[in-house]
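Work through the exercises below with the structure in view. Each task is followed by a solution in steps.

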Amino acid sequence: AHAAAAARGWPLWRYLAGAGPVSLPLPEIQIFGGGAHAGRRIDIQDLMVMPVAATSFAQALAMTAEVYRAAGELMRDAGRFAGVADEGGWWPAFDTNEEALAMLVRAIERAGFVPGDEVAISLDIAASEFGHDGRYRLGLERRELDRDGMIELLLDWLDRAVRATSNRSMRCWRASPRRTSPHRRACPRPATRPMPTTARASAPA
């Protein structure tokens, strides 16, 4: 493929795509780093967002940057700002895994977006880091679960995140005069569908 593209004077991506339209996939970008990325401060390894309403890669990055900044502000306001983890996400100074998820939902809302409708949550659980022989030890919460219990816990986290979003979806967050952006609105629309939250393949099977 490299030789064929070079022979035509084309970039490799154009040769591989042919004459069809080309688009980039949506990025998943870490907002809070946990697990092995943050000394196991929380058990979830990556709490990420996907800007599902973005119409271009540039807009996706801009939307994610707004959420990242909002998350940092919330951590600072809560007196829990402690720098960044090793992949650039904020250091997870939380007492429970669920608290980290709730903070991520709040960051999306503070950035002026509707969780799930415009910006979705993506989780890399990395359960293999704390699971052995069908048992999963949550160090932060000091409990141990079997495979079915771990799956139930993940479903419970998802349910709570969806309900938290639904309960606050009608609240109108007003942007500060010093902070405006073409990617945020003063009053986000209420969510019209459940919040899509993905758990990566490293979750228990």
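**Exercise 1. Find which residues make the nonpolar surface patch of about 280 Å².**

Step 1. Leu24, Phe57 and Leu61 make this patch. A patch takes residues with over 30% relative accessible area and no salt bridge; like charges are joined within 9 Å, and nonpolar side chains (Val, Leu, Ile, Met, Phe, Trp, Tyr) within 5 Å. A salt bridge is a side-chain nitrogen of Lys or Arg within 4 Å of a carboxyl oxygen of Asp or Glu. Accessible areas come from the Shrake-Rupley method with a 1.4 Å probe, and for residues only the protein chains shown count as cover.

Step 2. The model is predicted: local features need pLDDT of at least 70 and side-chain atom pairs pLDDT 80 or more, while totals for chains, interfaces and linings use all residues. Residues are numbered from 1 along each chain as its sequence is written, and side-chain values use heavy atoms, with hydrogens and water left out.

Step 3. Phenylalanine 57 belongs to helix H3 (residues 57-77). Its relative accessibility is 34%, so phenylalanine 57 counts as partly exposed. Buried means under 20% relative accessible area, exposed over 50%, and partly exposed in between (1.4 Å probe, protein chains only).

**Exercise 2. Check the length of H3 and state what its buried residues pack against.**

Step 1. Helices (H or I, at least four residues) and strands (E, at least two) are DSSP runs, numbered from the N terminus.

Step 2. The expected span of a helix is 1.5 Å times one less than its number of residues. For the 21 residues of H3 this should be 30 Å, and the end C-alpha atoms are 30 Å apart, which agrees.

Step 3. Among the buried residues of H3 are Ala60, Met63, Thr64, Val67 and Leu74. The buried residues of H3 pack against strand E1 (29-33), strand E2 (46-50) and helix H4 (97-110).

Step 4. Just after H3, glycine 79 has a positive phi of about 70 degrees.

**Exercise 3. Describe how E2 is covered and which strands it is joined to.**

Step 1. Five of the five residues of E2 are buried. Asp46, Met48 and Met50 lie on one side, Leu47 and Val49 on the other. In a regular strand the side chains alternate between the two faces of the sheet.

Step 2. E1 and E2 run antiparallel and are joined by four bridges. Two strands pair if DSSP finds at least two bridges between them. Phenylalanine 32 has leucine 47 in E2 as its bridge partner.

Step 3. Five bridges join E2 to strand E3 (residues 120-124), again antiparallel. Here methionine 50 has alanine 120 as its bridge partner.

**Exercise 4. Is glutamine 45 buried or exposed?**

Step 1. Glutamine 45 sits in the loop between E1 and E2.

Step 2. Its relative accessibility is 12%, so glutamine 45 counts as buried.

Step 3. Leaving aside neighbours within four places in sequence, its contacts (heavy atoms within 4.5 Å) include Gln30, Phe32, His37, Asp124 and Glu129.

**Exercise 5. Give the strand order of the open sheet that three strands form.**

Step 1. The order is E4-E5-E6, with antiparallel pairing. Strand E4 (131-132) and strand E6 (143-146) are the edge strands, each pairing on one side only.

Step 2. Two bridges join E4 to strand E5 (residues 135-138). Glycine 131 stands opposite tyrosine 136 in E5.
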